[in-house]
Amino acid sequence: MEDLYFNIKYGRLYEAIEGGMCEEFIFRHELGTIHHLFIKRKIPIDIQGSHYYDLTTPYGYGGPVITKLFDTERKEELVFHFCQTFQAYCLEQNIVSEFVRFHPIINNAADFNSCYSIRFRRYTTGITLKGFEDPVQEEFSSSTRKRIRKALKDGVTWRVTVHPPDLEQFKIIYKKTMERIGANELYFFNDAYFSDILDYFGDQLILVEALFDSQIIGAEIHFLSGPVIHTHLSGTLNDFSHLSPVYVMTYAIAQWGKEHNVDLIHSGGGITTAPDDSLYLFKKKFGKNTEFDYHIGDKIWNEKIYRQLVKLKENDNHTKLFPAYR
């Protein structure tokens, strides 16, 4: 797949974070091909001396995706054969269960609802560039455009760098931002993570910076993935929040994307599932017309072992958490 999230190098970015190894399963059939990328994690509970594993998508989005389909009317049949074959693979590899974050733009969840237990999680947002002569006018709210005009008038400028030589300044700003907002430990990436980003995806990496009096007051990184820009991480200096650096950086990447024939900027969603989530509502200010359904899914590939693990963990098999043994 062309999209970043289906690239095995992307999955490898999260091996240490997830405590597992990134693998891919490619199912080839006369009806088509399905690609599946996941991180395989050892379950910290043994049963009679045997080790078991579970699967999860790397941070972001993913899941199985149909890469070739020779007969559209037989898509469900292709998925059925994939599910049967993948279950046999999981049993052979001592894989017990799987958690999937499906890709909201590709909407691969719709193709696999017969295989996984799928549920809507929340909406994600974006900025549509293709089809709009002036995406800023069409997608940004009027109050957002007003704040951008004021910031630019006050002297804020921006810089866009494709394939930056390093991310040192970005790391400082990003860490300060995560500390300021009390972010989950998951979002505190180490130096090796940023080094790997440059090694694996340097030519697809876009660094956007907001500047005031020659000082960097905000920075964010994006991935260019075919016709789509995926916004990845962002940070600002607290002392300059009144200058609206995020507004200026979002304006900058929208301008750059339009100039370079990008179709869409995918901004992601909020932190919670609530329709009034503050981060989600903030992102909607830049994408009035653009929204995607984000689904998650799960599957128990080995019911017998799953029940045993839950029992050994002394957990409730009906908990909303998945898998219940973790």
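This is a predicted model: local features need pLDDT of at least 70, side-chain atom pairs count only at pLDDT 80 or more; totals for chains, interfaces and linings use all residues.
**Entry 1: the overall count.** I began with charged pairs, since side chains of opposite charge can pair when their charged atoms come close. My search of the whole structure turned up 12 salt bridges.

**Entry 2: Glu18 and Arg41.** I looked up this pair and found a salt bridge whose closest N and O atoms are 3.7 Å apart. Glu18 belongs to helix 2 (residues 15-18) and Arg41 to strand 2 (residues 32-42), so the pair ties together parts 23 residues apart in sequence. Is Arg41 buried or exposed? I noted Arg41 as buried, because its relative accessible area is 13%.

**Entry 3: Asp111 and Lys75.** Here the closest N and O atoms of the salt bridge are 3.0 Å apart. I found Asp111 in the loop between strand 5 (95-101) and strand 6 (117-128), while Lys75 is in helix 3 (residues 75-92); the two are 36 residues apart, and the pair links distant parts of the chain. Asp111 is partly exposed at 22% relative accessible area, and Lys75 is partly exposed at 30%.

**Entry 4: Glu168 and Lys171.** This salt bridge has its closest N and O atoms 3.2 Å apart. Both residues sit in helix 6, 3 residues apart, so about one helical turn separates them. I wrote down Glu168 as partly exposed at 44% and Lys171 as buried at 16%. Next I checked for shared partners: salt bridges join Glu18, Arg41, Asp54 and Arg326 into one network.

Entry 5: I placed Tyr187 in the loop between helix 6 (168-181) and helix 7 (191-201). With 31% relative accessibility, Tyr187 counts as partly exposed.

Notes
Residues are numbered from 1 along each chain as its sequence is written. Side-chain values use heavy atoms; hydrogens and water are left out. Helices (H or I, at least four residues) and strands (E, at least two) are DSSP runs, numbered from the N terminus. Buried means under 20% relative accessible area, exposed over 50%, partly exposed in between (1.4 Å probe, protein chains only). A salt bridge is a side-chain nitrogen of Lys or Arg within 4 Å of a carboxyl oxygen of Asp or Glu.
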